[in-house]
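Me: I would like to learn how to read a two-chain model feature by feature. Please take me through this one.

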Amino acid sequence: MGRRVTSNVEGRALQDESASGVLQGTLDLLILRVLKREPLHGWGIADRIKQHSQQALSIGEGSLYPALYRLEARGWVTSEWGTSENNRRAKYYRLTAAGRKRLEVEQASWDRISAAIAGVLRHA
Amino acid sequence: MAEEIRLHLEQRIGEFIAQGLTPEQARAAAHRQFGPVEPVKEACRDVQRSAPWLESVWQDLRYGVRSLARDRAFTIAAVLTLTLGVGLVTTFFTICNAILLKPWPLPETDTLVTASRGVSPAAYRYLRERATAVDLVAIADICGSSIDDDPVRSSFRCVSGNYFDVLGVPLLHGRGFRPEEDILGGPVPVAVISYGLWRDRFTLSPDAIGRTITLNQVPFQIVGIAAPGATDKPDKRLPRLWVPLAAYTLVMSDHREFLVDPRRCCVGLAGRLRAPRSQPVATAQVTALYRQFRGNPAERPIAITGTSGILQPWEKSGVALISLMATSLFLVLLVACANTGNLQLARGARRRNEFLVRLSLGASRHRLVSQLLTECLPLAAAAAVLSLGFATVLTALLARWLMEGRPDDLGVDLSPDWRAALFTVSIVGVAVLATELGPALRGTRRLVPIGRPNQAPLRARSWFLIVQVGLSAVLIAGASLLGRALLHAASIDPGFDATGVARVTVMLPSGAATESRLQTLRDGLREALIAAEPSLVAEEGRVESRSKVSVSTAPATVVARQVSPNYHALLRVPLRAGRLLRKDDTASEVVVNEAFAREAWPGRSALGQSFDFDGARVVVGVVGDMQPTRPGARVPPTFFERGGGRSLFIRNEAAVLARARAVLATLDRAAQVRFSALSEDYEVGLADRRIGVALAWSLGLVALAMSAAGIFGVFALVAEERRREVGIRLALGAGARAIVRMMLSHAGRAMGVGMLAGFVAALLAAPLLRGYLVGVGPHDPIAFAVAALVLAGAAAAATFVPIRRALRVDPAVTLRAE
């Protein structure tokens, strides 16, 4: 029993990262950024990320959902059922005000880090 | 969520089919792109199940319950120990709560007030008529009256006419008093009876209203029946009967001046504020009015306060006792905590390997500590519930015992309320946290590698042991001292021989009872008895206590007793010097007791000495000290002068008793006579102290039993841990003595230190008990020796089994087992 507790708590983060192929924080950032333009359903988010990264970031689509639920639990996105463009039922995710703020923070820190890394790569 | 994922997959399959794949290929591709479905669902559920910490708390709780159920011995021991410790403290709190904290059991307690002191009935009427901030009621308990022909004397409550209306004392049937039934000089004989009296006397029959009940032979008409438990202020007993204050003169015809004389004391004051929270206004107004009434602007103020959290006058004397009790109970609780702490340590040591494995697998220490603490919640919950139950049962038993089997008549509400529940929960919480946090932090330290014996818990264990043994030593030493004082009190000579001496009380039906008529009867009885049996009758008159007597080296306070000449002979008080009083002695010739002689004329003969007490007195004799009522208490300096007329004492012989009855019958048909053994007074004095000593010993023994269990646990653990070492030593030829020494070297030292520290603390604290130790010094060597013996005996008993188990270790078996 003791071991199960351990694997649940310490193992969860590992699982998320290995399955998605992107760093966990980064996936959150990408989702938030995609949702900034318009509310979207799960596969739409996956398509958008793939499309905008010129297929370079191919995420395991499944790992999207735990991330979405997590963002929702933190109040950064909300969700509601609606009808998709091809007339199917779909759950749409929408950025909240808190999510918008979070996105700014995350984006700023990402910019800083990537600029720093780029600087190192270019000049070192 | 499953729906959402299914829709996602269907969408993808549709896309792939549109790209020209077969349905099977499309399904496979969609799943490949999505990844494994079930873990995703699981991960989503984890997030969804609300906040992760709540999830882990829930998990820990379930885990805690399971592991406690598995560790049954530990669980039972810990819960019982905590229940005992906390339950005792909660019982005490419940009683204090009922007496001190709960507001009076009346409606609308926010306007209910009481006054800091009582006033004379005359002053009460003055205040009631003039006070505008508060409606005042008067309450006076009058003792020693007989209801109907009940031989047991009970008290009744005289209350002002507005009492029931203003306070709202709940009634079951009928009505309360009307203001016009309480008019000075126009007493109306009406009464409200208590539920208890209704039950006992009228078997709950509803036609009791309108019937009469007699109070000291005076008939009163019953107008109301109070609800069960109805009273105003909490008191030991519920009131049995209420009558209007003005009716006091009907019952106590001797004391008519009580209602009118402004110097008479007292009726208690209570009341209701006309505006909420206006206590300061009411205090100022009532004080001003009272000063006006007394014509003294410096008169002490009368504080008008709420009824919660105040000390009743009858509780003030108990404050020292209450704090002593609280301290002892707190010590018992500490012992219980130390015991639980030790149990937790032992359990932690057993689970050490589990934690080390988890730590090395990457569990955070924070996570483990919070898990351990959460695991204790079920333990704490069980202990809290049981403690409350234990305290409820114990208070009920106490009430039954205190009320001699009639707990319904108890005047305080001992039922547990939210205060008691809050108290219990916080005490249990603090106790569990205090005892578990240390072992939890210790048990989850990363530094100690697996397999190496962990020294730290041993040291902590020793500390817990020292605390336990030390506190038990304090409690046992205190109990031992009190026991010694009781034995001393019971064994000392009271200075007289009370066996066979009875106090004679002459009674009259109270309507007819006037002091002069009683005096006539007493005089007649005495004359007749003295004429018949002069040597068997003695009497006592006025007893007066006064300070400042003009003797060269004056005792601080002297007591003057008027006695008949054969008083000392009858009570067999020994004559030390000179002679006893004679019939023809005048007021100037007195006999003093030894205490008087010793204090006034130390080292000299008292005979022939003189002093001034309402005139010059000459000492003609010295008698031994006698202590008639308070066993073991100091005998005050006393002198005896000729007199009598109040109490009559006789040798309790059948012939004398019969003659007394016969004489009285010829004097007055209505008169009754009662004989009460003089030794009863003395026995009552001893009984109260026996209860105190029994209580002290029970607390001490409870603590000792817990400590013994703790010692046993520690030694058993040491024996278990060192089984292998013992085996090797035995195999190498060590004798039993060496093994015992090895076992004792650890916990034995802690035990010794604990005992020593406990006795030092007890020696330092013993002077606090001085008020209860008569005839025994606070550092009485015998008392301490007894305590040491008891402790050593308990320690020996607790260590015997584990040590024997260690000695029985078979080296061959033990060594092969590894």
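The dialogue below goes from ground rules to strands, helices and loops.

Me: What should I know before I start?

Reply: This is a predicted model, where local features need pLDDT of at least 70, side-chain atom pairs count only at pLDDT 80 or more, and totals for chains, interfaces and linings use all residues. Residues are numbered from 1 along each chain as its sequence is written, chains are lettered from A and ligands numbered from 1 in the order in which they are written, and side-chain values use heavy atoms, with hydrogens and water left out.

Me: How many helices and strands are there in chain A?

Reply: Begin with how elements are defined. Helices (H or I, at least four residues) and strands (E, at least two) are DSSP runs, numbered from the N terminus. Chain A has 5 helices and 3 strands. Along the sequence they follow the pattern α-α-β-α-α-β-β-α.

Me: How is burial judged, and what share of chain A is buried?

Reply: Buried means under 20% relative accessible area, exposed over 50%, and partly exposed in between (1.4 Å probe, protein chains only). Of the 124 residues of chain A, 40% count as buried. Helix H3 (residues 42-52) of chain A has 8 of its 11 residues buried, so it is largely enclosed by the rest of the structure. Among the buried ones are Trp43(A), Ile45(A), Arg48(A) and Lys50(A). After H3(A) comes Gln54(A), with a positive phi near 50 degrees.

Me: In what order do the strands of the chain A sheet lie?

Reply: Check the pairing rule, then trace neighbours. Two strands pair if DSSP finds at least two bridges between them. In chain A, 3 strands make an open sheet in the order S1-S3-S2, with antiparallel pairing. Strand S1 (40-41) and strand S2 (77-83) are its edges, each pairing on one side only. S2(A) joins strand S3 (residues 89-95) through 7 bridges, in the antiparallel sense. Gly82(A) sits opposite Ala90(A) of S3(A).

Me: Which helix of chain B lies across S2 and S3 of chain A?

Reply: Angles first. Axes are lines fitted to C-alpha atoms, for helices over the stretch in contact, and angles run from 0 to 180 degrees between N-to-C directions. Contact means heavy atoms within 4.5 Å. Helix H1 (residues 2-18) of chain B is the one lying across these strands, and it runs at about 105 degrees to S3(A).

Me: How does H1(B) pack on H2(B)?

Reply: Read the angle, the axis distance and the handedness. H1(B) and helix H2 (residues 23-34) of chain B pack at about 130 degrees, their axes 8 Å apart. Angles under 35 degrees count as roughly parallel, over 145 as roughly antiparallel, 65 to 115 as roughly perpendicular and the rest as oblique. H1(B) and H2(B) are therefore oblique to each other. A crossing is left-handed if the near helix is turned anticlockwise from the far one by less than a right angle, and right-handed if clockwise. H1(B) and H2(B) cross in the right-handed sense. Their contact has 10 nonpolar, 3 polar and 2 charged residues. Here Ala, Val, Leu, Ile, Met, Phe, Trp, Tyr, Cys and Pro count as nonpolar, Asp, Glu, Lys and Arg as charged, and the others, Gly among them, as polar.

Me: How do H5(B) and H14(B) pack?

Reply: Helix H5 (72-101) and helix H14 (residues 365-402) of chain B pack at about 45 degrees, with axes 7 Å apart. H5(B) and H14(B) are oblique to each other, and their crossing is right-handed. The residues of this contact are 16 nonpolar, 8 polar and no charged.

Me: Which way do the residues of S10(B) point?

Reply: In a regular strand the side chains alternate between the two faces of the sheet. In strand S10 (residues 241-244) of chain B, Leu241(B) and Val243(B) point one way, Trp242(B) and Pro244(B) the other, and all are buried. Strand S3 (residues 154-159) of chain B runs parallel to S10(B), joined by 3 bridges. Cys158(B) has Val243(B) as its bridge partner. Strand S7 (residues 190-193) of chain B pairs with S10(B) in the antiparallel sense, over 2 bridges. There Val192(B) stands opposite Trp242(B).

Me: Where is Glu108(B) found?

Reply: Glu108(B) is in the loop between H5(B) and strand S1 (112-115) of chain B. Its phi is positive, near 50 degrees, in a residue other than glycine. Glu108(B) is exposed, at 59% relative accessibility.

Me: Is Thr203(B) buried or exposed?

Reply: Thr203(B) is exposed, with a relative accessible area of 63%. Thr203(B) lies in the loop between helix H8 (195-202) and strand S8 (212-215) of chain B. Its phi is near 45 degrees, again positive in a residue other than glycine.
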